[in-house]
Amino acid sequence: MNRRKILKSLGLGLSAGLVLPPWLSSCSNPEEGPEISYSGTVCVIGAGVAGLFVADILISKGIKVKIFEASNRLGGRIRSAKFSDDLPLIADFPVEYGADVIYGSDSKWAGLISLSGVPVVKFQTGATDRYRIDDGVKTTAELAADTDFAAALTFYDNFPLSSPSAGQSIQDVAAGFNMRVQKIIDSWLGNAYGTSYSRIGAGALAQSMAEAEHDPEQVYASQNSFENILISRFSRAVSSIQYNRPVTSIDYSGEEIQVTDQNNQTESFGKVIVTTPLSILKSGDITFSPALPSVKMSSMNNLGMDACVRMLIEFKLNFWDTDEAPTNYLLGVTEAPTILNASLKRTIPNDDPKTMVITVYGSKAEELSALPDIDKVKRVIEELDEVYGGKATLNVRRDDENPDDNTNILFVVKDWTTDPFIKGGISYPKPGATMQDRINLAEPVESKLFFAGEATYYTHEDFDKTGEPGTISGALISAERCAQEVIDSIVNA
Ligand SMILES: Cc1cc2nc3c(=O)[nH]c(=O)nc-3n(C[C@H](O)[C@H](O)[C@H](O)COP(=O)(O)OP(=O)(O)OC[C@H]3O[C@@H](n4cnc5c(N)ncnc54)[C@H](O)[C@@H]3O)c2cc1C
């Protein structure tokens, strides 16, 4: 994703001072503090970053926690390659199947990573981006005199302040721009936020972009995988995880809450925190009795979570930079709306090899998801060949043992759409949605059920505002908000 590079130049959102709730700010380590007296156990559903963080905070307060994780691994949409994966890649940096960029060097996730002492590299997007336009690829500088591109860029730069109506999609709002730049706008304000731009509500997106208070820098962990950072940062919570326990029903009709998993094992808890992806809640994989309040259900319908495909393709040399300036993102490619040159600043030496990390959401991801993996990759290579005169096919790394085989391209595909416990990419607001929908989704039910996770992030005056929905920082801050709600419900009982 190439998210909102522009807030700095608008002079917005730079006072990312960490706002902490009173019970956090009084402690030297923000998650440590006085013990809370509670005889029950809190059940956390999902061991993604939100589940781990909320569990970690509660454990630090002396509260007993059990985490039910559906899969056999922690991290959720943070998933990093392991040595045992035996990848066909030669990248000498952590390979991520999911989240790979820290949005904002002053964001919540950046802060936790910095406390862990993990080395990072930073860059700013914009000047280093390239765009597919007409029959070729151009840099921002090369497009400076292109009036269609300049108009689109101004639209993008000012989008957070544009106050579009809640009922319009991004495509509606951008309808007046030339067809030549529509795919680029789709990359900026559609794919970067989780789906095709025709499906995203312009009003709610503009609001969350305008409210996010992090700087425009993008940061990579240069040597450590995100998954390993989670394991080391949240070691207390990790030991509370029960793997392979997909929760199928939650009965909160009585004093104790009954949580049942796929193996029909039921356990009782005093409080339950749901951190599963929005798609899992929407698909009804977990039944609630009584049913969740109708206001929460209708807000859930106002938010979407669509298909998502991640591909990694390596090339023997960098064929896409025509001058000294390295390309960070390549945007506007039909088959691959967001291509990140993940090698940039990480591979030593910096020009060999080159790893393209491709992230596709929405209708294009639905189309690709239906194809065999090799065909997904070939679609991208064919389009790159069109704009780079056949150089993608010429330079893609292949399995040397089968040099004549047309299917011997070395690649990695992770289709999040078909992951049974994720079922898509990230949450996004549909046309007609407002920020209130995320507030409703997050709202606790009867002091028994609590909700965290990226889809439940909204800017809250008592908490750090350096997150956004659909990001790790958003998920982390939602966990802090949720921990506060659980503690309030215990203390005020
Ligand atoms: C391809 C991709 C790229 C991304 N890139 C970035 C990026 O560069 N930077 C960034 O900040 N963000 C990025 N994101 C978003 C980021 O990964 C998420 O916002 C964040 O990881 C969400 O964390 P979470 O805890 O809310 O949910 P999740 O990580 O989805 O965790 C939810 C957990 O619930 C579990 N679960 C599901 N159903 C059940 C059940 N029935 N019972 C028990 N457990 C269940 C799941 O297995 C999962 O472990 C990306 C996402 C994707 C898909």
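Colleague: In what order do the strands of the open sheet lie, and what makes two strands count as a pair?

Modeller: Five strands form the open sheet in the order β8-β2-β1-β12-β21, and their pairing is parallel. Strands here are DSSP runs of E with at least two residues, and helices are runs of H or I with at least four, numbered from the N terminus; two strands pair if DSSP finds at least two bridges between them. The edge strands, β8 (241–242) and β21 (449–451), each pair on one side only. The model is a predicted one, in which local features need pLDDT of at least 70 and side-chain atom pairs count only at pLDDT 80 or more, whereas totals for chains, interfaces and linings use all residues. Residues are numbered from 1 along each chain as its sequence is written, and side-chain values use heavy atoms, with hydrogens and water left out.

Colleague: How do you know that strand β1 (residues 41–45) is joined to strand β2 (residues 64–68)?

Modeller: Five bridges join β1 to β2, which run parallel, and at least two are required, so the two strands count as a pair. Within this pairing, V44 stands opposite I67 in β2.

Colleague: In which sense do strands β5 (residues 130–133) and β6 pair, and over how many bridges?

Modeller: β5 and β6 pair in the antiparallel sense over four bridges, with Y131 standing opposite K138 in β6. Two residues lie between the strands of this hairpin, where D134 takes a positive phi near 55 degrees.

Colleague: Why is I487 called buried?

Modeller: Its relative accessible area is 4% and the limit is under 20%, so I487 is buried. I487 has its place in helix α17 (residues 472–491), which is mostly covered, with 18 of its 20 residues buried. The C-alpha atoms of I487 and K61 are 9.0 Å apart, although 426 residues separate the two along the chain.

Colleague: What makes H214 buried, and with what relative accessible area?

Modeller: H214 has a relative accessible area of 5%, which falls under 20%, and therefore the residue is buried. H214 sits in the loop between α8 (202–211) and β7 (217–221), and its side chain is joined to that of E468 by a polar contact of 2.8 Å. Such a contact is a pair of N or O atoms within 3.5 Å; within protein, one must be able to donate a hydrogen and the other to accept it, and residues adjacent in sequence count only if both atoms are side-chain atoms.

Colleague: Which polar backbone atoms lie 2.7 Å and 2.9 Å from atoms of the ligand?

Modeller: A polar backbone atom of V101 is 2.7 Å from a nitrogen atom of the ligand, and one of I472 is 2.9 Å from an oxygen atom of the ligand. The protein covers 98% of the 1,000 Å² of accessible area that the ligand has on its own, by the Shrake-Rupley method with a 1.4 Å probe, where for residues only the protein chains shown count as cover.

Colleague: Why is S447 called partly exposed?

Modeller: Its relative accessible area of 42% lies between 20% and 50%, so S447 is partly exposed. S447 has its place in the loop between α16 and β21, and its phi is near 55 degrees, a positive value in a residue other than glycine.

How values were computed
Buried < 20%, exposed > 50% of the residue type's maximum accessible area, 1.4 Å probe, protein only.
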